[in-house]
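Welcome! Let us take a friendly walk through one protein model, looking at a sheet and then at some charged side chains.

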Amino acid sequence: MFNAPRPAQRYATAGPVNGLGGSFVDEDPLAISIYDDPWSSAPSPSPPPMIYTVNSAFSSVIADATVPEAYRKALAAVDTSNTGEVSVNALSRVLASSLLPAAIIDKIVNLVSSRPRVSSLEFFVALALVALAQSGKDVSIEQVAALAAENNLPIPTLPLDTLQPSSSTFSSSYTPYRQNTMAALRAPTFASENPWNAPRYPNEGATIPSPNQPRSATMNGLTSTFSGSGLPSGWWNKQESVEVTILGQQGFILNRYTVYEIKTERTDPVHRRYSEFVFLWDCLVRRYPFRLLPTLPPKRVQPDAAFLEQRRKGLARFLNAVINHPVIKEDGLLAIFLSEPSLETWRKHTAISLEEESASKRVDGIEEMSIPSDLEEKLAIVRGKLNPLIEQWQRICVLAERMIKRRESAAVRVPSSLRRTYLPAHFTFPLFSSTLPLDIDPSTGRVDGPASSTASLLSVSMLSMRTTHSDVDMSDDQADLARLTNVLRAIVEVNERCWRGDECELCDGVRQGLGHVAEHTQHQSDLLEQRTHSLLNSTLESLKSQRDLYIAMRDLFVRHDRLAVDNVDRLKKRIDSNSIKLEAIKANERDGWQEDADRVVVLIEKDQASIASLLNRRVFIRACMWHELRVVLHNRENALLSMLTQVFAREEQAFADNALSNWMSLRDAVDMMPFE
């Protein structure tokens, strides 16, 4: 049942999953992005808003030819994240290892792609072109297509073992978006029962011991005298992390599914499929209906690579949220999910309890007294802020993603109103144009002034955009530093000999200066690529986690409104009715009246016990809502945002310092370039 496509979760209109709520915002959080909406319920891939046929064209070039293993190894050397695409900078580094002239490398790069990103098919065609160039043959797409038709793609000579992933001083790896997990690991807080070391298979047919049993006299595992935030000091530096990666597809054509690898700091990696994430979420939301529980990203029929990558990140955010929740992190099923090698086999041997948390936990008197009398007013304040907070944080996520993509010059699938026409081969660089690019209002044609300077063109790989009154589309003069590096190196090679002879100091000095410019633009391109990678996988994910937190709080309110309702009043009326009936039976004293009276007494006592249990549940729900508001929401929305801001500022400063150092080094290198 978990393999069936899940319907799109429309928060205000659709019914909840199992009556317990899914996600409850008014619209799809990613629907307003100018990029491809990965959460669309339409079959994937959806029709692109921008006509772009490079991938389909290169599919016909490669056709059904067998891709050599050397091609895949070369791609894996620079595509360490297995995204299926690399930057032009990475492609240029691979091609430079072939020792071909820079002019040939520049020609190959411009032949295969006019974008800052290169797909795997474009990458493979580029390698075939390199092999043709190395063998002295014509470097053309037609030649590659002819060889592919013969299933004889040429293999280039590339010393990949000497290829450096980046010349940047930035590390190519990135930490998970919580940025704090490996520095100071929290000591396990488990007492005699460690859920991370749960037995593999309990007794056949046995039920998992309820994970909701209190570890102390309180319902939340912390004493009622725990002051301040309700969490240990410096808790934000002790967050655990989970890493989720995509292993690939398994199954047959009609039953293919994606396998994810989950890595934690305590257990060995385990493999899970999406339906098992759904199983975990369904169990947790039944056990903890009054806790902050993030929702899962949806499922889609025939998902594309972009959707799977977005879903992988969404699953990682979900797991990182639940393993750092003060209560849910100790759930036994969660521990099994993160440690059991085969969850499917484990489920066959184990009966799983879905008992609500309130059934096995209690709130002591001190804890009950700590619940403020104006809790409903406090919750009403938070409830009133959630809709605008969700909307504004979604805008922040969209704007941040847009700026990061622009920083990388890799915005994709822009709507028709912002559609760009990419030049297929050679580019003019605003850096060398006689006038600076201007910001022009498309509606009024008013010129606002210079949009960028030479320094900004070198420091950020932005595209200068021009429009005319007769053309609403914008064509871009691409200022990609990796391409600029290739062009500069080609110029150096062309000017290797001067007409005056081999001893022309003027030409040699200028040529060496251009070589220094090429080296430093390559270094700046590396810096930009690594910084963008970090922003996408760390900063942006933290921003989305903040948005997910408010969506989870809204989900909690919806579940509370639906599930906190009880029938105490109806039971009281029934007790009153049965009490009157009991008095009448005693007064009449008909034959067998004692048996009738005993039967009514049993009903009254049963209803009284139910009322007592429901009243205790009311107290427990209030304690849960107070805990989630004071301990979880208030702490996470503030402390983690402070950490994100500080880390972002430090990383941006480090990036700026490295960029400044790079350009200062270039200034020193070209300071003595000759004039005569």
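## Strands side by side

In strand S5, His-271 is the bridge partner of Glu-261. This pairing, like everything else described here, comes from a predicted model. S4 and S5 run antiparallel and are joined by 4 bridges. A hairpin of 5 residues leads from S4 to S5.

On to the other pairing of S4. Strand S4 covers residues 257-264, and its antiparallel pairing with S3 extends over 8 bridges. Within S4, Val-259 is the residue that stands opposite Gly-248. The hairpin of S3 and S4 has 6 residues between the strands, and there Gly-251 takes a positive phi near 95°.

## The sheet as a whole

Now put the strands together. They form an open sheet of 3 strands in the order S3-S4-S5, with antiparallel pairing. Which strands stand at the edges? They are S3 (242-250) and S5 (270-273); each has a single partner strand, so one side of each is left without a neighbour in the sheet. From one strand to the next, the twist averages 30°.

Strands of a sheet pair through backbone hydrogen bonds, in either a parallel or an antiparallel way. In a regular strand, side chains alternate between the two faces of the sheet.

## Helices against the sheet

Two helices deserve a look here. Helix H8 (residues 305-322) lies across S3 and S4, and runs at about 140° to S3. Helix H9 (residues 332-339) also packs on the sheet, where it touches S4 and S5. The direction of H9 makes about 105° with that of S5.

How much of S4 is buried? The count is 6 of its 8 residues, so S4 is largely enclosed by the rest of the structure.

## Salt bridges within reach

Next, the charged side chains.

Glu-391 and Arg-395 meet through their side chains in a salt bridge, with 2.7 Å from N to O.

## A link between distant parts

Another salt bridge joins the side chains of Arg-531 and Glu-651, at 3.0 Å from N to O. This pair links distant parts of the chain, 120 residues apart: Arg-531 sits in helix H15 (residues 505-563), while Glu-651 belongs to helix H17 (residues 593-670).

Are these two partners buried or exposed? Arg-531 is buried, with a relative accessible area of 1%. Glu-651 counts as partly exposed, because its relative accessibility is 23% and the buried class means under 20%.

Take one of its links: Glu-357 forms a salt bridge with Lys-361, and their closest N and O atoms are 3.3 Å apart. Both Glu-357 and Lys-361 are buried.

Key: Residues numbered from 1 in each chain as written. Predicted model: local features only at pLDDT ≥ 70, side-chain atom pairs only at ≥ 80, totals over all residues. Heavy atoms only, no water. Salt bridge = Lys/Arg side-chain N within 4 Å of Asp/Glu carboxyl O. Buried < 20%, exposed > 50% of the residue type's maximum accessible area, 1.4 Å probe, protein only. Pairing = 2+ DSSP bridges. Axes fitted to C-alpha atoms, helices over the stretch in contact; angles between N-to-C directions. Contact = heavy atoms within 4.5 Å.
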